[in-house]
Amino acid sequence: MSLWDRAVEKITIWADTEILWVRRLSIQQLQLICQQLSFALDGGMPLTAALLLIGTEMRQPLCKKFLLELAEWVRQGRTFTQALQQSKIRYSPVLLEFVLAGEENGVLRETIGQAAIYFQQQNKTKQMLFSALFYPAVLLLLMIFALGAMFFLVVPTVVQTYENFDAQLPVLTQWLIESSAWLRDNWPLLLAVIVLSAVLFLWQLQRWGKHPKVRVVLKKGLLKLPVVGKLYQQYWFVQIAQALGMMLSGGMLLLQSLKAVQQIYGRSLFIEEVEQLAENVAQGYSLSIGMQQCTFIPQMACQMLTVSEHSGALSQGLLQLSQYYRQQFQQRLTTMIGLLEPCFVIFLGVLVLLLTSSLFLPLLQSYQYLL
């Protein structure tokens, strides 16, 4: 074994022991795994051999460990679903639901392919949200940085000039000086309070999310918001319609697909509506009847899905509508962010101008007095 091979082996061993503490597969990693596994199964390769081959060639330590463990458990006689359930590496529940449905219906190859497409769409959505929110986040950080520089650097320097002033300082200038002094002395306490408040708020919000009545109130409140409500509705319709359409295209039954969606999106505020929809389908009602009570389905989408169900093309209708409303969601989000960006800039400019003018107002007054 060459020196390079030994170095690579040591790095791999170190990665397996040190890096694998981050034991959750990302959407991109799941997309890569499903795509390669789908290609191998389409080529006629057995599942065990496909997992072993892909895991051996995989360069990412976490993916390698995940696939090789699955290959070993499947070789020992476990089903793919049992192997996934036994894995201690965390991953999206979507993968488990697709594999479970594929094995139960004998269409594992098709469902793995649909899972790859699903994760690809999810990755695109994630990238779209990141690119849309990146610039406002940068502006917010710049605003915080500008205010911090003003209170911690500029104000203390200018205050030294005012120490020899005999005249009364303006009220706004006095407030600015006192606020700067308080922040310099108590900023660790203020930071701790902000962090603690955020943690308590998220914890309380998580507790509220477990109560059905509170979830209903939160859902109604979000949907009534002018712009955010429409975005929230479209986002969850895209997620649920895409997952449902992918599962139906992969050979799953409608009721089975609805139950799988319940497992995938159990934290959504619309999960009770999905559960009720599944109960209606189980009782023999058509999907179009149950959809009329779902607030996450837009009216136009409900009408089009009714036509798709009667024509026997429900899966195609779900996928086409998810793609359409994904574009609508992206356009609305881009428009909203585009309107917020100048508002951030104007607010930052006005705030800095107000603070600067209040800080240097005594100097201007003294200059006019000398003239």
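Colleague: How many residues has helix H4, and how far does it reach from its first C-alpha to its last?

Modeller: Keep in mind that this is a predicted model. Helix H4 covers residues 61-75, so to speak 15 residues in a row, and the DSSP run is what sets those ends. From first C-alpha to last, H4 reaches 21 Å. That is close to the 21 Å expected at 1.5 Å a residue.

Colleague: Which residues of H4 are buried?

Modeller: Leu62, Cys63, Lys64, Phe66, Leu67, Leu70, Ala71, Trp73 and Val74.

Colleague: What happens just after H4?

Modeller: Gly77 sits there, and Gly77 takes a positive phi of about 110°.

Colleague: Back to Phe66. What is Phe66 in contact with, leaving aside its neighbours within four places in sequence?

Modeller: Phe66 touches Leu25, Ile33, Leu84, Ser87, Ile89, Tyr91 and Leu95.

Colleague: Now the nonpolar cores. How many residues has the largest one, and which have the most contacts inside it?

Modeller: The largest nonpolar core has 73 residues. Phe66 and Phe80 have the most contacts inside it. H10 brings the largest share of this core, 11 residues. There is also a second, separate core of eight residues, which includes Met150, Phe151, Val155 and Leu183.

Colleague: Change of topic: pockets. What volume has the largest pocket, and which residues lie nearest its centre?

Modeller: The largest pocket has a volume of about 380 Å³. Its lining has 16 residues, and Ile27, Gln122, Tyr235, Gln239 and Tyr265 lie nearest the centre. The elements that give two or more residues to this lining are H6, H7 (108-162) and H10 (228-249).

Colleague: Which element gives the most to that lining?

Modeller: H7, with six residues.

Colleague: How do the lining residues of the largest pocket divide into nonpolar, polar and charged?

Modeller: 10 are nonpolar, four are polar and two are charged.

Colleague: And cavities? How many of 30 Å³ or more are there?

Modeller: The count comes to three. The largest cavity has a volume of about 90 Å³. It is lined by 13 residues, with Ile240, Leu244, Leu277, Phe296 and Ile297 nearest its centre. H10, H12 (271-282) and H13 (287-291) are the elements that give two or more residues to this lining. H10 gives the most, with four residues.

Colleague: How does the lining of the largest cavity divide?

Modeller: Into 13 nonpolar residues, no polar and no charged.

Colleague: Last stop, Ser257. Where is Ser257 found, and is it buried or exposed?

Modeller: Ser257 is in helix H11, residues 254-264. Ser257 counts as buried because its relative accessible area is 0%, and buried means under 20%.

Colleague: What is Ser257 in contact with, beyond its neighbours within four places in sequence?

Modeller: Leu244, Met247, Leu248 and Met252.

Colleague: Which other residues of H11 are buried, and what covers them?

Modeller: Besides Ser257, the buried residues of H11 are Gln256, Leu258, Ala260, Val261, Gln262 and Ile264. What covers the buried residues of H11 includes H6, H10 and H12.

Technical notes: Residues are numbered from 1 along each chain as its sequence is written. This is a predicted model: local features need pLDDT of at least 70, side-chain atom pairs count only at pLDDT 80 or more; totals for chains, interfaces and linings use all residues. Side-chain values use heavy atoms; hydrogens and water are left out. The expected span of a helix is 1.5 Å times one less than its number of residues. Buried means under 20% relative accessible area, exposed over 50%, partly exposed in between (1.4 Å probe, protein chains only). On a 1 Å grid over the protein atoms alone, a cavity is a set of points where a 1.4 Å probe fits but cannot get out, and a pocket is an open set with protein on both sides within 12 Å along at least five of seven lines; lining residues have an atom within 4 Å of a point. Grid points are joined across faces, edges and corners, and a volume is the space filled by probe spheres set on the points. Ala, Val, Leu, Ile, Met, Phe, Trp, Tyr, Cys and Pro count as nonpolar, Asp, Glu, Lys and Arg as charged, and the others, Gly among them, as polar. Contact means heavy atoms within 4.5 Å. A nonpolar core is a set of buried Ala, Val, Leu, Ile, Met, Phe, Trp, Tyr and Cys residues joined through side-chain atoms within 4.5 Å.
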